[in-house]
Amino acid sequence: MSNSMRALLGRGDECAVLDGLIEEVRGGRSAVLVVSGEAGVGKSALLHYAVESAVGFEVVRAAGVESEMELAFSAVHQLCAPMLDRLELLPEPQRDAIAIAFALTDGPPPDLFLVGLAVLSLLSAAAEDGPLLCVIDDAQWLDRASAQTLTFVARRVLADSIGMLFAAREPDVTFRNLPELAVGGLPEKAAGELLAQVVRGPLDRRIQDRIVAETRGNPLALLELPRDLSPTQLAGGFGLPEALPDALLAGRIEDSFLRRVAELPASSQVLLLVAAAEPTGDPVLVWRAAALLGLGMDAAHEAEAAGLIDLGGRVRFRHPLVRSAVYRAASADDRRRVHSGLADATDAELDPDRRAWHRAQSIEAPDEEVAAELERSAGRAQARGGLAAAAAFLERSAALTVDPSRRAERALAAAQAAYQAGAPEQAFELLARAEAGPSDDLTRARASLLRGQMAFASGHSADASSLLLATARRFEQVAPKLARETYLDALAAATFVGRLAKLAGLPEIAAAARTAPADSGRTRAPDLLLDGLSLLITDGYPAGAPVLTQAVSAFRRGDVAAEDELRWFFVACHSAHDLWEDESWHELSARYLELARNLGALGVLPIALAQRVGLHLHAGEFSAAAALVEETSAIAEATGNDLPAYSAMALAGWQGRTAEAVPLIEAIKRHAISRDEGMGLSIAHYTSAVLFNGLGRYQEAVAAADLACAYPQELGFANWGLVELVEACARSGDNQRAADAVERLVRTTDPCDTPWARGVEARARALITEGDDAEALYREAIDQLGRCRAVVALARAHLVYGEWLRRRGRRVDARSQLRAAHDVFVSAGAEAFAERTRRELVATGETVRKRFPGVGARELTAQEAHIARLARDGSSNAEIGAELFLSVRTVEWHLRNVFGKLGVSSRRALRGALPGADGMSLSAGARSRTASR
């Protein structure tokens, strides 16, 4: 019986799971599984079983190698190498991203998730020819870029005939939420059978039971440990510690392998060390290095005869523990000698980075030449999007740098790369090294900037704004341009902190920024943004609005460097709605979203989506907002990150769906407090106010709106909270409080002088005014709001005007206004406001039925509805897949389900089957209705 069959003794349940996975893929659906367990438990044997079972499949493989974890995308390249002839089938952005990542071409660094989408498309193209099985062994040793890419793909496969099998000792957070098969030791009976097959000669039953118990049924331990026991020990004199922890068990197995290695000639031991230090498994390279070290073929014969290694078409160790045992047990001098041979054997033109890495491992003392070579390798790795690799190269480069100041600079660069790669612990450690070394003022300030950025990324927003403020002040003397940029960073961070600031809040940062020295060059769009925002916060809207308007206009014109766009677009979009500039908000949020999508920047994309969702909600484009909420969910699922559901909460609140909105609001409040995100609290309170005003629960709306606008420096959200507070107080009979809120609102709207600002101001004044003056204000509000994108505000102006008319006994006039409002609310999906309006219409004597979307549309899942809307609006399957990080085949599968549920047979028929038109036609329709009146 073969070793692989022995390893499968007692694995009936596990094999059944793998059989199910293979059949699922054979039937045209994707399947993913992470097989986890301690070293030697039989994970690789189970993967081999799956491969043997996958008759008729194309099988592609990759394996993590501990010594190769610093080389970006190495495992992805292993997996995809057999399929690179299909690259031409990919859309151009994906094709370019994967070509750059694999160093097949030059270009700007691709975003990690654009590479992931390219790999997904490549696997999907391969699966068109038949079922595909991807086998990734030793996943705990995957390089970081490969681990993130492959788990991204695993979360997005669905309707392709693709199976993905990972084996890992202890899957880390990268594998979170993927299906897992935990593999433990063999059952007692199977373990005894396996042990009996290994031991030649008598085996005392009590000894057998003890070996099985103390190895906990680990198959490799059962196969290897008895080799070191004498017949006498096996017959009754065997003794081991009462319990072997996992690490000790792995160590005992490694020791067993090492004893077999020690019996080999010295030349064979060195050859094994060469193979252990060379992670690609390239026999040509191994033999070239062996020749340089004076090793001959006889060294290989002995190692192969011992069953420790196979030096055929690819160098393979019997088990990964052999590789790790050989490498770890070698002396430092032997490892350096072997790495030196491998460096000399590696082609400097074809593989300069692996050569540089071997050179770095071959020396002990600092060496500037090697350090500089590593720094160049880091640059190449970063250009391919391999930030984790860049960090590793730079970390080793810093360690080998002679000059202390230069060492600090390289350590800082390594920390920056580690931070960007999503490795915060490594980044903090490297940053501490950089700060401990001698450096100039500029380097110290850069280190301080990185510490602030890392604090913000880690969820410590309050700490971040304080650190960034301190950093900006440090930059003032050495780099005025960087000082101004850092002040803007600090303001952006403080915008998130809002009311929860502990030390440096928006007023303090804005006041400091006002005194920052001007850059000697021309005034840039970010400079205008900093000046306008700071002035607005410190001196109010009359002083700051004109400058901030110039800044927003500069961003609209494109007067901003390409490298600054992604960094500052959030602040520019936020400033646009602070100024009640709906057209600017529309244009900037659309460009921000397009830029983030084109770059595949998933770290920024959720923020860009949230900005666009806000615009869609105010514009009454709830269908478009829902699509972006679903896209945000797709990103969270694809990346395995738990993103706060701000957009989902806002949508549910505006829709008036209490059962959905209230739990989300409470969850967001908890999240915001835990992360010092006062802006999150403001959004939650504002959403509550909108929800309760829609439901007609005005006292609750007053309480929520009061909290929403309690921190005026939050600008846009506080301003919107005032609008809700005016209506809630007016409807609650608290006219004085409503009047105070109007006064506060006018301070923000009057200096802006946009249709949106004039409209909400007129509506607010009308709510606290009596007689003919009120009617004139209502009409002015409707006229102004009809000239902008604030469709829901327009409908609400019609609503409150209709309510006012009905209370004055003018039922016919009231019906006209209320019908206009009701049409918009129903079309948008603002259910609470629609019901509030319907009740008013009924009170005028009109009969109004509740309207609901078609039964089929209600059966669609959120993802199906999103895909259906995109298809309805003309997006191709490839475009839909790129937007939602799905393969084309998966999009096709979803559309088939959509057609079945809606009872249609073509994309053209979707327009009639789906409730509501696209967002822009809704806005246009609302404006048309207003103009006709």
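Is cysteine 788 buried or exposed? Select cysteine 788 to find out: at 2% relative accessibility, the residue counts as buried. Keep in mind throughout that this is a predicted model.

**The whole chain**

Zoom out and show the protein chain as a cartoon. Its secondary structure comes to 49 helices and seven strands. The chain has 933 residues, and buried residues make up 57% of them. The accessible area is about 36500 Å². Carbon and sulfur atoms account for 51% of that area. Next, think about contacts between residues at least 6 apart in sequence. Of these, 70% join residues at least 24 apart.

**Stop 1**

Colour the aromatic rings. The count comes to 17 aromatic pairs. Select tryptophan 585 and tryptophan 756. Their ring centres lie 6.1 Å apart, and the planes meet at 5°, so this pair is stacked. Tryptophan 585 is buried, because its relative accessibility is 2%. Tryptophan 756 is also buried, with a relative accessible area of 2%.

**Stop 2: a tilted pair**

Move on to tyrosine 778 and tryptophan 804. This aromatic pair is tilted, with 5.8 Å from centre to centre and 50° between the planes. Here too, distant parts of the chain are linked, 26 residues apart. Tyrosine 778 lies in helix α40, residues 771-785. Tryptophan 804 lies in helix α41, residues 791-807. Tyrosine 778 is buried at 2% relative accessible area. Tryptophan 804 has 10% relative accessibility and counts as buried, because the cut-off is under 20%.

**Stop 3: the ring cluster**

Which residues do ring pairs link into a cluster? Select Trp580, Trp585, Phe622, Trp654, Tyr686, Phe717, Trp720 and Trp756.

**Stop 4: a charge over a ring**

Select tyrosine 327 and look at the face of its ring. Arginine 335 lies over that face, 5.2 Å from the ring centre.

**Stop 5: serine 534**

Find helix α27, residues 525-539, and pick out serine 534 within it. Serine 534 is buried, with a relative accessible area of 1%. What is serine 534 in contact with, leaving aside its neighbours within four places in sequence? Show Leu491, Ala510, Ala513 and Arg514 to see these partners.

**Stop 6: the cysteines**

Show the cysteine sulfurs. How many disulfides does the structure hold? The count is zero. The nearest cysteine sulfur belongs to cysteine 134, 7.8 Å away. A disulfide needs the two sulfurs within 2.5 Å, so cysteine 80 is in no disulfide. Cysteine 80 is buried, with a relative accessible area of 0%.

**Stop 7: two aspartates with positive phi**

Select aspartate 138. Phi is positive here, about 50°, although the residue is not a glycine. Aspartate 138 is in the loop between β3 (132-137) and α7 (144-156). The residue is buried, with a relative accessible area of 10%.

Finish at aspartate 753. Its phi is near 55°, again a positive value in a residue other than glycine. Look for aspartate 753 in the loop between α38 (735-749) and α39. Is aspartate 753 buried or exposed? Aspartate 753 has 51% relative accessibility and counts as exposed, because the cut-off is over 50%.

Methods. Residues numbered from 1 in each chain as written. Predicted model: local features only at pLDDT ≥ 70, side-chain atom pairs only at ≥ 80, totals over all residues. Heavy atoms only, no water. Helix = DSSP H or I, 4+ residues; strand = E, 2+ residues; numbered from the N terminus. Buried < 20%, exposed > 50% of the residue type's maximum accessible area, 1.4 Å probe, protein only. Contact = heavy atoms within 4.5 Å. Areas by Shrake-Rupley, 256 points an atom, 1.4 Å probe, with all protein chains shown as cover. Phe/Tyr/Trp six-rings, centres within 6.5 Å; stacked < 30°, edge-to-face > 60°. Lys NZ or Arg CZ within 6 Å of the ring centre and 35° of its normal.
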